[in-house]
Amino acid sequence: MQTRTLGSTGPAISALGLGGMAMSGAYGTADRTESIATVHAALDAGVTLIDTADFYAMGHNELLLAEALRGRDRDSYRLSVKFGMLSGPTPRYGGRDGRPEAVKNFLAYSLTRLGTDHIDIYRPARLDPAVPIEETVGAVKEMIDAGHVRHLGLSEVDAATVRRAHAVHPVSDLQIEYSLISRAVEGEVLPTLRELGIGLTAYGVLGRGLISGHWSPGRAGTGDHRAASPRFTPGNVEHNLALVEALRRVAEAKGCTVAQLAIAWVAAQGQDIVPLVGARTRERLAEALPAIDLDLTADDLAEIEKAVPAGSARGDRYPPVFMAGLGVGN
C-alpha cells in the first residue's frame with residue numbers, strides 16, 4: 001500500500017482510506033458481519049485511515065468500528081471522526097452544534113464508543129453558523145493540548161473558513177466531496193489548501209455509487225438515502241448514467257473497471273489528496289484497492305475529461321436542506 005502525508009502537519013497514512021458510513025444503514029441495510037470483515041480486509045491490505053462520524057446511525061458506526069478494531073495495534077491505524085450534526089430518536093436533521101462545550105461532550109462519547117484514549121483527526125462535520133469557527137477550533141485545540149486528539153481536520157467549508165481555522169491551529173486536512181462529478185473544490189478551496197500546506201481527504205469519489213459502474217435506476221431500496229438525492233432522481237439519473245457509460249469505454253480501453261478509473265482519477269489530482277472509499281463488502285473493497293496503483297497518463301486524463309467534463313453531472317449533490325450548509329457547491 002502506498003502512503004501519503006496529510007498536509008505539512010498531518011499524519012502519514014495509506015493512499016486510500018476506508019469510510020464507515022455505508023456500514024451503518026445510510027444506503028439501506030448493511031450486514032454487520034460482512035462490514036467487520038471488510039474493515040479487517042482493509043487493515044490487512046495496508047489501509048490505515050478509517051473515517052467515521054459520531055452521528056452515523058447515532059453511534060452505531062463507532063461501536064461497530066470498535067468491535068472491528070478490537071485487538072489491533074492502536075498505532076497501526078488512524079481514526080478520523082466528524083462531529084456536530086444533530087438528530088433525534090427518529091432520524092431527522094436537527095442542525096449543527098459547534099459550541100466549545102459541545103465539542104468536548106461529543107468527543108467524550110466518541111472516545112468511549114470507540115474504546116480508545118485518542119482520536120487521530122477530529123473535525124466538525126459542517127460549519128455551525130451560530131458559532132465562530134475560531135471557537136469550535138479552539139476547543140479542538142484544547143483537546144489536542146490535553147492529548148485526547150492528535151490533529152485538527154475540517155469538513156465541507158469554504159476557503160475563507162479554512163484560513164480562519166488554520167490561523168488558530170494548523171489544519172491537517174479538509175474532508176470534502178471530490179469526484180469526477182463533484183469538482184467545485186477545484187476553484188478556490190484546493191488552491192488555498194495547497195498554499196497553506198493542508199491535505200485533502202476526498203469522500204464521494206464514486207458519487208455514492210452513481211459512477212461506480214454498478215448503479216441502475218430504481219436500485220435504491222428502503223432506508224437508502226440516495227432515493228432522495230437529486231442526482232439519483234428520474235430525469236437526472238439517466239443523464240448521469242450516460243456519463244458513466246462514456247467513462248466505461250475509457251475504462252475498458254485501460255483494462256480496469258469504471259470504479260477503479262474514477263478512484264484513480266481522484267488520486268491522480270495530487271499527492272496531497274487521499275480518496276476515501278465507502279466499501280461495505282469485501283468484494284467492493286477488493287475492486288477499489290488496485291485503483292491506487294493504476295497509472296493514468298496525460299492521454300488517459302484527457303480521455304476521462306472528454307467522457308465526463310467538469311460540471312456535466314445533472315442535479316445537486318445533496319437535497320436543498322443540506323446544500324445550504326456546504327461551503328462549496330457541486
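Leaving aside residues up to four places away in sequence, glutamate 177 touches Glu156, Ser182, Tyr203, Gly204, Arg208, Arg317 and Tyr318, where a contact means heavy atoms within 4.5 Å. Before going further, please keep in mind that this is a predicted model, in which local features need pLDDT of at least 70 and side-chain atom pairs count only at pLDDT 80 or more, while totals for chains, interfaces and linings use all residues. Residues are numbered from 1 along each chain as its sequence is written, and side-chain values use heavy atoms, with hydrogens and water left out.

## Around glutamate 177

Glutamate 177 belongs to strand 8 (residues 171-177); helices (H or I, at least four residues) and strands (E, at least two) are DSSP runs, numbered from the N terminus. With a relative accessible area of 3%, glutamate 177 is buried. The scale here is buried under 20% relative accessible area, exposed over 50%, and partly exposed in between (1.4 Å probe, protein chains only).

Two of the residues it touches are also side-chain partners in polar contacts: serine 182 at 3.4 Å and arginine 317 at 2.9 Å. A polar contact is a pair of N or O atoms within 3.5 Å; within protein, one must be able to donate a hydrogen and the other to accept it, and residues adjacent in sequence count only if both atoms are side-chain atoms.

Arginine 208, another residue that glutamate 177 touches, sits in the loop between strand 9 (199-203) and helix 7. Its phi is positive, about 60°, although arginine 208 is not a glycine. Most residues other than glycine have a negative phi. Arginine 208 counts as buried because its relative accessibility is 16%.

## Enclosed and open spaces

Rolling a probe the size of a water molecule over the atoms shows where empty space is left. On a 1 Å grid over the protein atoms alone, a cavity is a set of points where a 1.4 Å probe fits but cannot get out, and a pocket is an open set with protein on both sides within 12 Å along at least five of seven lines; lining residues have an atom within 4 Å of a point. Grid points are joined across faces, edges and corners, and a volume is the space filled by probe spheres set on the points.

How many cavities of 30 Å³ or more does a search of the whole structure find? The search finds two.

| Space | Volume | Lining by class |
|---|---|---|
| Largest cavity | about 50 Å³ | four nonpolar, three polar, four charged residues |
| Second largest cavity | about 40 Å³ | two nonpolar, two polar, four charged residues |
| Second largest pocket | about 190 Å³ | six nonpolar, four polar, two charged residues |

Glu177, Arg208 and Arg317 return in the lining of the second largest cavity, along with Ile181, Gly207, Ser229, Arg231 and Phe232. The lining of the largest cavity includes Phe83, Gly84, Arg96, Asp97 and Arg126.

Gly84 also lines the second largest pocket, as do Asp54, Phe55, Met58, Tyr109 and Arg113, among others. Methionine 58 lies in the loop between strand 4 and helix 2 and has a positive phi of about 50° although it is not a glycine. At 47% relative accessibility, methionine 58 counts as partly exposed.

Helix 1 (residues 32-44) has 13 residues, and at 1.5 Å a residue it should span 18 Å, in agreement with the 18 Å between its end C-alpha atoms. The expected span is 1.5 Å times one less than the number of residues. Buried residues of helix 1 include Ile36, Val39 and Leu43, and the elements covering its buried residues include strand 3 (17-19), strand 4 (49-53), helix 2 (60-69) and helix 9 (282-288). Glycine 46, with a positive phi near 100°, follows helix 1.

Helix 7 (residues 237-254) has 18 residues and reaches 25 Å from first to last C-alpha, close to the expected 26 Å. Its buried residues, among them Leu241, Val244 and Leu247, pack against helix 8 (258-267) and helix 10 (298-307). Just after helix 7 comes glycine 255, with a positive phi of about 80°.

Technical notes
Nonpolar A, V, L, I, M, F, W, Y, C, P; charged D, E, K, R; others polar.
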